[in-house]
Structures are given as C-alpha cells and as structure tokens.
Amino acid sequence: MFLRLLSDIQWRAAHPTWRRMTSSQRSSSTTAEPQPVALPAQAQVVICGGGVMGTSVAYHLSKMGWKDIVLLEQGRLAAGTTRFCAGIVSAARPMSIELKMAHYSNKLYQQLEQETGVQTGYMKTGSISLAQTQDRLISLKRIASSLNVMGIPCEIISPKKVLQLHPLINIHDLVGAMYVPEDALVSSANVSLALATAASRNGVQIHERTCVSHVTIQKGRVTGVETDRGRIQCEYFVNCAGQWAYELGHSGEEPVHIPLHACEHFYLLTHPLKEPLSSSLPTIVDPDGRIYIRNWQGGILSGGFEKNPKPLFTEGRNQLEIQNLQEDWDHFGPLLSALLRRMPGLESLQIMQLVNCPESFTPDMRCIMGESPTARGYFVLAGMNSAGISYGGGAGKYLAEWIVNGYPSENVWPLDLKRFGTLQSSRTFLRHRVMEVMPLMYDLKVPRWDFQTGRQLRTSPLYDRLDAQGARWMEKHGFERVKYFVPPGNDLLDLDHSKTFYKPDWFDIVGSEVKCCKEAVCVIDMSSFTKFEISSTGDQALESLQYLFSNDLDVPVGHVVHTGMLNENGGYENDCSIARLSKRSFFMISPTDQQVHCWTWLKNHLPDDSNLVLEDVTWKYTALNLIGPRAVDVLSELSYAPMTAEHFPSLFCKEMSVGYANGIRVMSITHTGEPGFVLYIPIEYALHVYNEVMNMGQKYGIRNAGYYALRSLRIEKFFAFWGQDLDAFTTPMECGREFQVKLDKGMEFLGQEVLLEQKQNGVYKRFTMFILEDHDTDMDLWPWWGEPIFRNGRYVGKTTSSAYSYTLERHVCLGFVHHFDEQTGEKLVVTTDFINQGEYEIDIAGQRFQAKAKLYPFSSLFTQRRRKDEVELSGYQRE
Amino acid sequence: MLAASCCDRRMCVCPGPRRIAIPVRSSRLPLLSDAMPAPAHLFPLIRNCEISRIGSTACYCHHRHLCCLSSHFAHSHFRYAPQKKFAALYRPKEHFNHFIHTRDYASTPQRFYLTPSQVNSILKANEYSFKVPEFDGKNVSSVLGFDSNQLPANAPIEDRRSAATCLQTRGMLLGVFDGHAGCACAQAVSERLFYYIAVSLLPHETLLEIENAVESGRALLPILQWHKHPNDYFSKEASKLYFNSLRTYWQELIDLNSGETTDVREALINAFKRLDNDISLEAQVGDPNSFLNYLVLRVAFSGATACVAHVDGVDLHIANTGDSRAMLGVQEEDGSWSAVNLSYDHNAQNEREVERVKMEHPKSEEKSLVKQDRLLGLLMPFRAFGDVKFKWSIELQKRVVESGPDQLNDNEYTKFIPPNYHTPPYLTAEPEVIHHRLRPQDKFLVLATDGLWETMHRQDVARIVGEYLTGVHHQQPIAVGGYKVTLGQMHGLLTERRARISSVFEDQNAATHLIRHAVGNNEFGTVDHERLSKMLSLPEELARMYRDDITIIVVQFNSHVIGAYQDEEL
C-alpha cells in the first residue's frame, strides 16, 4: 500500500497539471480505484489537517510506536498554507523553545529524503539577517548568543562580509548582520508529503477529501469525529487545521477555543535572472525593510510582513482549498520598494507572480499547542505565525510526546493552549490583535513591550482611579495591570521612542516607588491573580490538596502556606499560596495566567465528588497589596485592630473590617519579602477600601506603585516566579525550596518519589542568583532574560529573569546553573560547592559581564526577623 | 481684546482717526530681537521684516487694528469683490516675494519653511471625526459619520462649529457659525442653537416631562449628545442664564400646545428666530453679575451667521442664515462628482436678498441700503444672529451702551451708529430652509464657512471630497497577468499611483484634506507644499489678509440605508 502511495505522490509532484485535471475524478491518494477507501469505524488518534503540522504529528506518533492513527485532509495533502509556504527553515528565533523546535526540524528535514525517498528540496543555504540600526544589531546579537550556546553555528558579520556571501546586496545602509550557515530551504509541500509517506509506511491511514464536521465530546472527553464520510470513534483528536482551526474548534457543541486569525500574506516570484541565481545563495532577512528574500529556481522569492496587514476570514469562510487570492500590488508596493533598495540590481528582473497566501497568527505571536482545557484528548497544533515549516518538525515531535507520555520533553508552557482563556477568542479581539501581531514579526522586540490592541478587557474596579493618577498599563491574560505611576508633570517618551535595550525612561520613577515600599508604604493593585476556593463537606478538600501539593496543608485555621503544585516528576505545575479559611475550606492564590491551566489541573486531579466544590472566585475579589514598614500602621488605624507581629504574624490570614467595609480577607504576605499585607476585598467595597487606605496612608507617606517595583523587589530577594523562573521541569529541590516540601507529612503526594530521590542524590540544576559586578547601569545593555551564564568560561545555563535592584544598586539576574561533564556533556549533580567555587559571567548580546553567584538572598535586606521556614519565597508574576 | 477684534473685513465701522498702535509695536521690537537667536522660534525673519515694513510704510491697513473707513474699504473691495478675485490671489505673492527677498540676507534660509510634519500638525490641530456607532455590525443611520476641522486666520478664531445627535427625537444636527466683530456671538450660537432646535422638535409630552423634571429637581432627560473636539468649549458661567432662557421657551411651547406634529422647517425657523430674540433680550435686560452682563452685551453686539443641517433618515433640512454654505456631493452614474447647492448666500451677490432688504424699507433708503456690496455699506452678510447695531433702535442702543459697563463705553465700535440708520431692524436671523430627500447617489454634505468658498469652487470641492472618500478604491487594481513586467517598471507604476493618492493618505479627515487643498492648491489644482507651508507660516497678524477662518464639516451618508428607505417606499 505505502509503495503505491509513495509512487503516486512522486508522480503527481512531478506533474502538477495532471493533478489539477484529474482531481475531480480522484478522491483518495491511497487508492487508484474510483471509489475512495472507506473510513475505519474507529481509531486511537484522528488527526485533522494534512499540512506540515498534521503530517508531522502523524509521523512522530507513528515513530513512537502508535499505529492506530487516521489522518484526515479536507482537500489534498499539503494543499493549504503549507503549499504556498516560502520554505525557509531558520533557527534564528528569539525564544529558546522556538529555537529548539526549528533546530530539530532542520535536522529532521535534512535526513528526510534519505529516509523516505521523497525529494524535499532540502538545501543548506544559510541565512543572513541584516541590521540597519544599532538596536537591530543588538537584538541579533542576543539571538546569536543563544544560538551559539545551543551549539548552532552562528556569527555576527560585517556588511563587507555580507557582500561576499551575497553579491546582490546593497550594504550601504547596514551596520552589521547575523549569519546562520546551517539554515536551510525546503519545498514545504514535499516535506509534508515525505512525512506523510513515512507515516503511512508506519501504518498511519491517510484520507484525503474528507472533511471533519465536528468532534464529539462526552463528559469532557473526546469520543469521536463526525466527517462528511461517516463517523470515526477515537480517543484522541488532533486539530491541525491551520487557519480553520478556530472554526473547527467552535463547530462542536462544546467549543474548544483556539485563538488564531488569518491574514493575507504576499510574496513575489520572479523569472530567473540572466545569470540564474545559485540555489546555494543564502536567504536574506531584512527586518528593518520588513522583507525576506530567498533564491527560487534561478530567480528570487521575496515577501514580507507589512505594517498594515489585511486580516481575512474573520467571519469564517470555509473552502475546500485556499484559492490563490487576489494579488494586491498597491499593498505590496512598500515591500517592493524595500526589495529594490536592498537589491537594486533586480530592477530589470521580470515578475512571474505575486502570491497571496493566508497565514494564521495568534494573539501573542507564539504558536498554539497542547490539550484543550475543556476536552481531554482534544489536542491542538496550529497558529504558526508564518513559521510553520521552521517549527513543523519540532512542534510535531513535542505534541506526539505530549499525547503518548502525557507531557512533552521540553517546557512548552509558552506555547500551551492553556495560556489563553475564552476571552482571547472573540473574533473582534483576534482581528484587531493579529493586525498588530503581523507587523510585529519584523518589529524590533525590546524588553517590556506591551500589545496595544485588544486592551482594557479585564480591569480592576479601581482602573479609572489609578489611571487618573498617572498609571501606565500592561496586560496579562487580558487583565490590565499597572506598570508604574507617572508623577504629574513628569512626561515619559512616547511608545516608539521609549523602545530601548538600555536604561529605560521609567528608571527613576520605579526607583522612587521601590524606595517608598522600603521606607513607607505602597499600594499595588494585584486583582489579576487567580483565586480559587476549595471546600468540602468533610475532609475531602484537605485530603485531595495534601495529595496535590507538596507542603503540609494540615495547618491551623488562619495560616497561609506557600506550596508548589507538582506533577509526578516533581516539577512545578503551579506555585501558589493557600490560606486555610476553615477546617474544610481553602483559599488559593496563583499567578494570573494560571487561571485556565490550574483549573484544568485541579479538575483533572480532584476526585469526582459532589461534596468537594472548586470555585473560581478571581472576579469576586479585588486585591490590594500594601507593601512597606508602615502598612501595619495604616491597617491598624483603619481597622482598630492591632496588626503588629505578635497579633498578626507573618503568613497569617484573617477576615476583618477595614474602614466601613467588613469581611475583608487580610493576609500577611506581600509576594515580595517586604513586610505588609494583601487585602482581598469583595469588589463592591474596592473603591471604598482603596480610598480609605489612601486617605489614612497620607500621613505615612503612602503612594501607588506598580508591578515594575514589585518585580525589582522580588528579584533582589531571590523570589522565583512561576512561568518565568519556574516551570514543569523544575522541582522545589532545584530552586532551594526544600522547606516548602514536607516529605514526611504522613501522606503521599504527587512528585514525592522524585523529590525523595533528589534529596538523596542531589539535583542536576540549581536556581542561582547573580549580581552583575562590572555592569554600568547607565551605559551598558540591560539584561532581560534568556542570557547565557558562563562558569569559568564554560556555558552552564541561562537566566530566567532579571531586574535592577535599587537597594544593591546592581542588576540581579536569576537563572539555572547546570554541571555539564567537560568531555561528554552529560549532566552531573550540581553541588553547593560547584556553585560557590566558580567564576561567573553573564552574556548580554555578546558582551560578558562578571557576576557573583549566590544561593541565598542577602540576609541584610531582611529587616524583620522571621522563622526560616516562614520566609516567604513565592510570587506570581512574570513580565 | 474687543478693540483688537472689532475690525474685520465683514464689518468695518471704524470712525475717527487712524489708530495704529505704534507704541505697542515698538515695545515688541526688542522682545522679538531677543527671541531671534532662539532656535525654537520658527519665524523670526518674517516678524522682523514685517516690523521693518510697518516702520517704513507707517499706515498700512492692518486688520487687527482700528483703521480708517476709506483705506479699509479700498482694501476690502480689492480683495473680496468677486470680479477682483485674481488680483486678490496675486497679492499674497507680492508679499512673499518681499519676504523672500529679505530672507536672502539670512544665514539659515531653510528655517523659513515648515516641514511636512509641521504643516500636518497645524492642519490637524482642530480636526475631529465622528463615526456613528454600529450595533451588531450594522449602522442603521443614514449618516455614516462626519469629519470636521477649522483653520484659524483670526486670533482667536471667530468661526465655530457644532454637531450633536438628538436623543429625544431622531436625527442629527450639524452646523458651522461664522462670527464677526468678535467670536462671542458665534460662540453663544454654537452652544445654544441646537438646544433651541431640539426643543422646537420635541413632542408635547416630552416637553411636559422635561418641565416636570426641572420643576421637581429630578434628573433631566438628556436632549442632545454632543460630538465635540476638545477645543470646542462651552461657557460654564453663562450656562444657567442660557438654560433659563431655554426653559422659558419650552414653557411657552407647552402653553402654545398646538397638538400638531412638529414640522422640521417650522421648528428650525422658530428656533433661529427665538434664539436671536433671546440674545437681544438678554442684552437689554442685563445681568447682575458683571462678567455675565459684559458677556451678553458682547454676544449681542457681535454677530454670527449660521448654516445648520438636520438629517433624519432621508430627510435633510438645511437652515441657513448668512453666507456660509451647504453643498451636496452627488456621484453620477459614471462615477464623476457634481455639486448641488443646498443653501443660498445671504449677501449682496444674491439678488433676491437685495430685493428682500429693499422691500422691507422705504424707497427713500434704497440707495443707502446696500453700498459697496454691504448692508448699509458695512456688513457683508445680509442675515445674521446678534448684530444689534443693525436691529435695535438708536435710542435703545444708546441706552444700553450708556448703562452698560465701562468696557462697552470705551469701545468706539459699540458707540458708533451705522450711517443712514432710519428704519431698523435692517437685519434678521430668520433662516431660509431647504428640504432635500436624500437619494443613494447623494454621498456627502459639506457645510463650510465662506473661508472655504472664497478659495474654491463648489465643483472642485465635490470632486476633491468625493475622490477622497472613495479613496484608492477608485483606482483599478493592477494585475500582472501574462504581461512581461519587470520589478523596476512595477515599482515605478506603484510609486506613481501612490503619489496620486498620497495627499489623500496623509489625511484621515475629509475636512482636513479639503483645507489642505483650499490653502495649498496651486494653479494646477494640486497641493503645493511650498505654498501650503508659506500660507501656514504667516504670523497671526498677517494671516487674516490672505485667508479667512475656514470651518468645514463633511457629513458622509450611508447609501445602503438610504437605498433601503427608497426600496421601502417602492
């Protein structure tokens, strides 16, 4: 069977015209008979979508030994976006997980032709990313640093060297470039066909011209797929429907929200040059000109990401295959200008075609993979932001691992479908947001930028009050949060001019907020945090939580416990604070973007018991964080209750009255290690309590503060934040939180075995704090995150977050240190001595700065005495 | 500032000796030379040469100063008489040549020009756009939205504009107001007129409801939803006074209850007349608050024209008083644009108007009524709000001025009685109302003060706005097809297409786009940046000589909805 498929594909690939003529007579690629092969009645996995994603998932699943797989394609294999894809496989990606996926894809495609016999057109040409500005060069240098430590060859080259590599380029306006010699070109359709061929050999059934109408879900599990050719029962469904994934997700009775939206994407094909271009000429990416240029059959292929994208299919329009949409030369004009400016010699080159090929984009420019939070067994892999061919191999592999093992082999949280809630799947939101995202592909990405569209969706009741006081906002999970407050008369730069890799313009503003937190008292609105209540009629709540959390939750009522929610490998699925409200009910606070993930995890792990109630109360409470030594005074004056440490010790929770309002949940935590309280206020009292606090606080020098101040405080205190520093591959042992693990709490809990093992044998990475020594805050590039860490000149890991500490007057970076064996590269146990005995450097865009490593925070920063195990080491925020 | 703004080209009533404020000028000289080295000061050279010019030609007629009747008339005649239009166009150039000549001595001549972005920031400073909100993705209103903008020539600008949606009845109100002898009257009319119109349109029950609410101190039903640019202000101090007058009006309407449904035409006429009457009365009665007292007098002694559109479904009513103008942009079947006037100018060029004025006064006055194309030889518009100098009896004027505040008495203008003033009133605020049923081919409405119509023909206005609104869509898309086209050829073609529409792209606002053309058009009818830059860089004192305040509202109609109305009727 597979041989026939193979020859069929090859033959048709060589004769595309025949394919069009006879397509009406032929319905399936797996048979030459006029009647298509009947669909099986059931399968373990049904994959919808025969593009590079679907075939890659099928390929990897079958490689991992799963055979009972059906792949359905509504048209023909590789006929959608995949067919029109420009075919550039590039590892030059800013995010480490994306970089890994692209690197794997490249290796996979390289050997694919040999493995399958299908010509993939693989050609290792290399790629050159050009920089027209110094800022662009910095961003390239940052990518180069992370490529190098990954073992991917990459160098920053001069404009002259660019000319040597590619003779057509005008280099007069360039300041430098990045050369990645191993980047490649492929024919994406053929890659997809090759993957399908290999999968088919391994037993995957492929059915073309089969349309999935919807997926049936019962009791939160996938049970089958309805197609226009009948029903298939299945355990797993994989939605790889590309730009139709959103619609397909919404087609069932229980919608699965997959936030992506298509935009038109244009590229130009030309006839060959008089002297045809060599097929080994490197691909050019000119992000400042918003274009890419590759060689194509002796001519060029050039497209780009324009400033004014044209979104389409907002209302959803299904069609069998994506027809070649209208060419729009006026729209392409600016990109054509950029192309001729970059390669003036092409003026006389003849146009062959302007291709209009829709691509799907996601709200945060990262692809979407993972399991639906509402339907188990419903997996998604889509929204590639026009890097589908680069990610195809790696993304397919991770998703296959996820399906087979229950989790992928890398931390894919940044790509996890569960990072979105239902709120990101409004059509209007998506339409507006992708119009911002698409130009962003080639915009300069500096630290701390925020999306400007689709904002002001979820807000605190205090939004207007804070805004009127000069608040500047960022967004997390749709929730507006204050970055900092601009004092009256203090104008900051406008958005475009404030982009910098160096010291930002808000430096002094945040500095004064931090100072106020240290010396007086500040208020930060933290309403965005995810808040759950878990209660039961008997001991079910306590028993279930004891199993799901590593710390001991059987504490007296009114105590707050910081604890990780670990998976069976001991890694952090969530990091939260839990207050015991009564014998049988608990109040749980987790990071903002945990709303969907944590809910799903709890739903999947809590016993199905009607006496055990889990409720999301995020919207019910406004949280005000009072940070600073005078918080005690403000609160005791407002409540007529003593708030000193004797009466209200740290990590304590009590319902009390504040001002006229009653029933305010006050907790003596601040998420920063500074003294203070968080007030959980029923929203109708929010304005009242805020006003009272501000009025009463005046005499104690109270002021508003934002998250940037909070971040600086938590990082200088060496607090790890979930999502930024902590992930599902990090255990409490690896980040110095043994004290939050009660191995002997007399009850088994998730991840216990791994933690026990680590306690005995040691850990293979260690969360470490670095203080930059010879870094000039005013003149040098600022660290962000993802900077390589070098120990005695050897790469040992990457930073995960960084901030300027106004107390230390130094930059502080947090990151993980590994111990790689010098010969084999094997990971060895990291000991305290190993950390302490090294000389460290942090690489910021190619420049190395000396750093001092510390495993414990500066004790001198702690002004209050606390029990060691009560030291608050938790927090929830990511930039 | 009353002294400074009393003399403009609409009404030049300055008796007595020429008063050029030479002391003020000379005292400014050192100030200016101080400012000169500062790079932030954009046009020191103009100011400087202007001063030297004033020094040498000591009696140049300057609009912002009181000046002699004869010289001013000579000048006004020269500029504004239609048959002398070409001469008027040439004058600015002479001055510019003069400046440019002076400029040669400067070491940094490029400072003379405004950059395109400076030009844009001047043009866009007052622009405002309103889009009728869509519900459920559909706009059921016959109006898609409007763009408006103003470009001042006077300082402060004497034009005003208003736009509002009627909340208790259907329809939308839009208006432009051109003030003269100061901006007080135009300001008051822009704040108040729509309330008078809205109240005139209200059914009896709603009036009762509102009156009861006021009586019992309950919250009022909102009558209008304003669509204002931040620069369009309302006078806080006078709001109580204005409200009381308005309330008296609706109380009378309640008492008069005719039971008939309100006719829009009548409502408009009544509202105009009533407001003018209230302005006049308020000035006669005065106010115990000295600030308000002075304000109501300034309002009454200054004047304003008004051109107001009321759009409700396919019914468009234009009420016009004075020489602002409403024009409908119609798209013919072949896609070309034509203009339909929806108002008549009330000035000396309108024979019917001249007839009307003559009819209203004894034959003996026939010769003195209209002189030099002006009413009583003074006023250009033949209908206007305020301007009690042309409405009140001499006795009343004298009484009010004498009992009025000192500022009024010190003012030459208010004391001055127009010549040949025998049978007042000579002026009315009663509008002419034109009704038009909108058709699908009626794409937009332009309301503009005469500052625009002086510089542009309505046909050009229709074409420029029409092409702007349809924008680039009008251009055929390019397809390569089977032709042999090189990248360079395509690039050239696209650049040319872009250039053609670049001035369209520059503006997000149709009114701004129109102003750009009105001020910057060269002899070929395209925007000349150099000319635009020169016109906009004129110092305050000179700007008024080369252009008038321009205020424009462009209302865009919703052809689909209008088409649907038509279909319903068929």
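Mentor: Buried means under 20% relative accessible area, exposed over 50%, and partly exposed in between, with a 1.4 Å probe and protein chains only. The model is predicted, so local features need pLDDT of at least 70 and side-chain atom pairs pLDDT 80 or more, while totals for chains, interfaces and linings use all residues. Residues are numbered from 1 along each chain as its sequence is written, chains are lettered from A and ligands numbered from 1 in written order, and side-chain values use heavy atoms, without hydrogens and water.

Trainee: Why is A:Ser668 called buried?

Mentor: Its relative accessibility is 6%, and the limit is under 20%; A:Ser668 therefore counts as buried.

Trainee: Where is the place of A:Ser668?

Mentor: A:Ser668 belongs to the loop between strand 33 and strand 34 (676-682) of chain A; strands are DSSP runs of E, at least two residues, numbered from the N terminus.

Trainee: What makes the approach of A:Pro649 to the side chain of A:Ser668 a polar contact?

Mentor: A polar contact is a pair of N or O atoms within 3.5 Å, one able to donate a hydrogen and the other to accept it within protein; residues adjacent in sequence count only if both atoms are side-chain atoms. The backbone oxygen of A:Pro649 lies 2.7 Å from a polar atom of that side chain, and the backbone nitrogen of A:Phe652 lies 2.8 Å from one.

Trainee: How do you know that strand 32 and strand 33 of chain A pair?

Mentor: Pairing requires at least two DSSP bridges; these strands have five, in the antiparallel sense. A:Cys653 stands opposite A:Met667 in strand 33 of chain A.

Terms used: Helices (H or I, at least four residues) and strands (E, at least two) are DSSP runs, numbered from the N terminus.
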